[in-house]
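We'll walk through a few spots together, one at a time.

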Amino acid sequence: MYAQHNPSVSGRITDEKGQPIPGATIIIKGTTTGTVSDEQGAYKLNVPPGSVLVVSSIGFTTQEIAVNERANIPVTLSTGSKGLDEVVVVGYGTRKRSDVTGSIVSVSSAALQEVPAANLQQALQGRAAGLEIQKVGTTPGAGAQIRIRGERSITGSNDPLIVLDGIPFEGGSINDINPDDVASVDVLKDASATAIYGSRGANGVIIISTKRGKPGETHISYNGYYGITDVTKKYPVYNADEYRALRDISPWNQGYMPEEQESIDKGRSTDWQDLMYEHGFITDHNLGVYGGSANGSTFSLGGGYYRETTVLPGQDFTRYSLRATIDSRIGKRLKIGLNTMNNVGVRNGSQFVNPVFAILALSPLMPAYDNAGNILQSPTGNVDERQSQYNPLYLKHNNNDWADRVRRLRTFNSLYGEYEIIDGLKYRLNLGLDYSQQESDQFQGADSYFRPKRGNTASVNNEDAWGYTVENLLMYDKTFAQKHHITFTGLYSIQESHLHNTSISKDSITEDFIQYYDLNQSSPTAPLSLGGSESSWALISYMARLNYVYNDRYMITLTARRDGSSKLARKWHEYPAVSLGWNITKEPFMKKAPFISALKLRAGWGQTSNQAVNPYTTLGGVSGYITQGTNRVPVRYNYGGTLVTGYVLSSIPDPSLDWEYTKNTNIGLDFGLFNNRITGSVDAYKAHTNKILYAVNLPASSGISGQFVTNVGEMENKGLEVAISTINITSNSGFTWSTDLNIFLNRNKLLKLNEGVTQNIGNQLFVGHPLSAIYDYTKLGIWQQNEAAEAAEYGAVPGQLKLADISGPDGKPDGKIDLNDRSVIGSGQADWQGGITNRFAYKGFDLSVVIYARVGGMLISGIHQPTAAYLTMLDGKRNGLKVDYWTPDNPTNEFPMPSAQMSNPPEAISTLGYYSASFMKVRSINLGYTFSQKIISRLKAQSIRLYVTAQNPFTLFSPYMKAGGVDPEATGTGTTGFVSVPGGNISNRALTIAVTTPPTRAFILGANVNF
């Protein structure tokens, strides 16, 4: 009744681009009276005279605004300055950043939308300190490798836990999440922040909060864009004249094909990349309906469609998404809610459709078409490959010739009920149900591009996964005597996960049009391969977290968790964590430094552990098959006069397999200067891991093909993270300029392996070096003509690789190059990395530029390793990457002279594929215009914004690209995409570059419309 006698104030809350911010909280300072903005950012509130409004929203800077008898107060919240009053998600709740004692970084929905992307990995790259995201593919729908503060495990998973609306989102692809559905992303980095998630949070936690309905009228929103993509940079290959020059100096002695000789006579050449590359497109459309009632019940409905093609035929990714949320209040104390997210993704061309090798290797002297204008079937420049390599132009016309499809269905659902027992004390029940089904289909038609001179083949792999989570939460939040704020969270949870798959592959399908749909229609005598697997695991957890804040000045957080895992021999483990905070700004002596608007010191310590191994590792295993080459052969033996099926031991267990433990220490400082015109944080951390989960390869004499997983060794990660946000200019004319900058580094080091073991060359593990260490010969250059005598001492001649004589059997240089001369020559670890975003706004116009940089480290370019891609063999047999090779007239130190043996020893040619991994890229440039209220009111709309975006327009700096590479970011891990394994060991952990679809850039036109 009191509020009804007070005047009302209303307004609209928007971001820096003029877009409405739904769900912003508006509270009268010093009270609990308030409201939230609706989907269009509008609010209305009755206020007493002299009131001050406190306006906040997750991911935005909190503002305090004096009412001063005004009836209309529009509010613009900034994402560029992140003060201590910013609201962040901490896991099982939210909290003001001023009360947070752990290391947490947040990324708002507005920041994510600055980089139009197929998935969250791409949108988050370079946006948060300590969050390292590296691409592992260039085809549409490709994922990325995510690491938070480095790697801790050798065999166990290093992937962070994804939590979606409070429920763990495990066992799948982040492609299953539509980025437009995301309201905010919060990254929990240190043990004091992640301990509440126990063993699942050992590698950090990414909390994703999705959009929900808001009280008020029902509104409709549309966000969509369409763009054209093209090749950012073509692979550099030899043109016709350069190809002839290479052949003339190479060992090639089979001459030219008749068609090639004709091209030489006519001066004709073929650019296979120009013939094959097309314009692709990228499009995304999302429609949402939001609303709610006066009692706080809300709903939201949404649907999305995303499609991306690339520059090569047969490669695309499509996602359909539907979601709905309901939050309903029943009386004053009970609240229930439902969230359902459903996605279907279809990815074509990700399993075997990769014609790039042929495009680069085909002779530029061979024509693409015959004299009648038909596609020339096999335009190779040598007789050997005429039977095995067809013209890639056939891929532009797929007449039941092939199918390469992965279709994935994911439905993720959560239900909650929350009851306020007494003021400040709540019980909450969270139920999560997750189901996914993935079907991977392959078909290659008879005598087609993928099966030249061979019959057809098909395969189908079906995988089903489902799981549930039940969480019981008791939460207490109370302030006593206006100075003592206590928050307590207690948890008991159960989680189970189940997965199984079945597979079949068959040759000699009756007709090509049947493809993979009915493998029964095939020759009964053709080989048949069947497979399948199953795994299940469970986790039971107890957790308690107590947070105490005294007078907004001193704070402490205590966390304890106990996990029981079905995966390990030692089932249970406890995790303690403690963190402290001191809000120095609240101290009286800080009044002498008015330019310091915020200053908080944080310190934390905690332990986490990792149990991310296969569920049945502690049980060992048997198999009904043995591997012979690339074939799986059933185990058969004679039992008397009968041939029966048998089993062989495939893996042995470690009955004492334990958790992988990590102790983490973090010290941080949050600051704000000049009334929060400059805000930021600095964090330093150190993590020590012991009992590392490690899969040991057993000797062949054991007769056991599988690995032996055990605990061994120690590892260290330590680093520094700096994040700064500035409001550079805010003028009376309406011009604003703000900047977000983050820089971080991590130093990973393997401290110990087995007792007395300092290196494991086969698995690329070296004590005292990072997990990404690269072990090989050291390339000094190319032997020159004036070094002929010295080269001869090492069994080499001018024009061959010049290698460092590092060590002999006795540890000293011995005048010859052999295996003893290999050493750790670098690692994939960056010296530092980060990103910068600049935002400008002026009278409805907004401009943002997002840049990502990675400096230092060594990359492995398989496309430059002769035996990894066969594109730098320099033997004249085929075309390849254009490199600076040695000749008597071109005494370079880059690549050796084309010859039968480019190096002594031959395997040292792997050193030709190591380059600096440094680069700086412009991720996106966005220019938008938000129409004024006067214009959009005529259209009965709430807001309209049109924008254009250049996505990945160019690379500012990259030594690798300068040396001939097309993109310094990885295309996969290990030897994925390699034609064969090059000399020098490459671990499965290594990020590598293989021959694949070239990187693309996009030019996009989009709109954000709200009604």
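What follows is a short tour of a helix, a sheet and some charged pairs.

Before we start, keep in mind that this is a predicted model. Let's begin with helix α4, which spans residues 240–249. Which of its residues are buried? They are A240, Y243, L246 and R247. These four span an arc of only 125° around the axis, so they sit on the same side of α4. Turn to the other side of α4 and you'll find D241 and D248, both exposed. As for what the buried residues of α4 pack against, that's α5, residues 258–266. Have a look at the start of α4 too: there, N239 has a side-chain oxygen within 3.2 Å of the backbone nitrogen of D241.

Strand β1 covers residues 8–14 and runs antiparallel to β4, with five bridges between the two.

Now for the charges. Side chains of opposite charge can pair when their charged atoms come close. How many salt bridges does a search of the whole structure find? The count is 47. One of them joins the side chains of E114 and R839, with N to O at 2.6 Å. Its two ends are 725 residues apart: E114 is in the loop between α1 (109–112) and α2 (120–124), while R839 belongs to strand β46, residues 832–842. E114 counts as buried because its relative accessibility is 1%, and R839, at 8%, is buried as well.

R839 has another salt bridge, this time with D740 at 3.0 Å, N to O. This pair also links distant parts of the chain, since D740 is in strand β39 (residues 736–752), 99 residues from R839 in β46. D740 and R839 are both buried. Through shared partners, salt bridges join E114, R127, D740 and R839 into one network.

Finally, look at D658 and K691, a salt bridge whose closest N and O atoms are 2.9 Å apart. D658 is in the loop between β35 (648–651) and β36 (660–673), and K691 is in strand β37 (residues 678–697), so this pair ties together parts 33 residues apart in sequence. Here D658 is buried, at 5% relative accessibility, whereas K691 is partly exposed at 36%.

Definitions and conventions: Residues numbered from 1 in each chain as written. Predicted model: local features only at pLDDT ≥ 70, side-chain atom pairs only at ≥ 80, totals over all residues. Heavy atoms only, no water. Buried < 20%, exposed > 50% of the residue type's maximum accessible area, 1.4 Å probe, protein only. Arc of directions from axis to C-beta. Contact = heavy atoms within 4.5 Å. Polar contact = N/O pair within 3.5 Å; in protein donor to acceptor, adjacent residues only side chain to side chain. Pairing = 2+ DSSP bridges. Salt bridge = Lys/Arg side-chain N within 4 Å of Asp/Glu carboxyl O.
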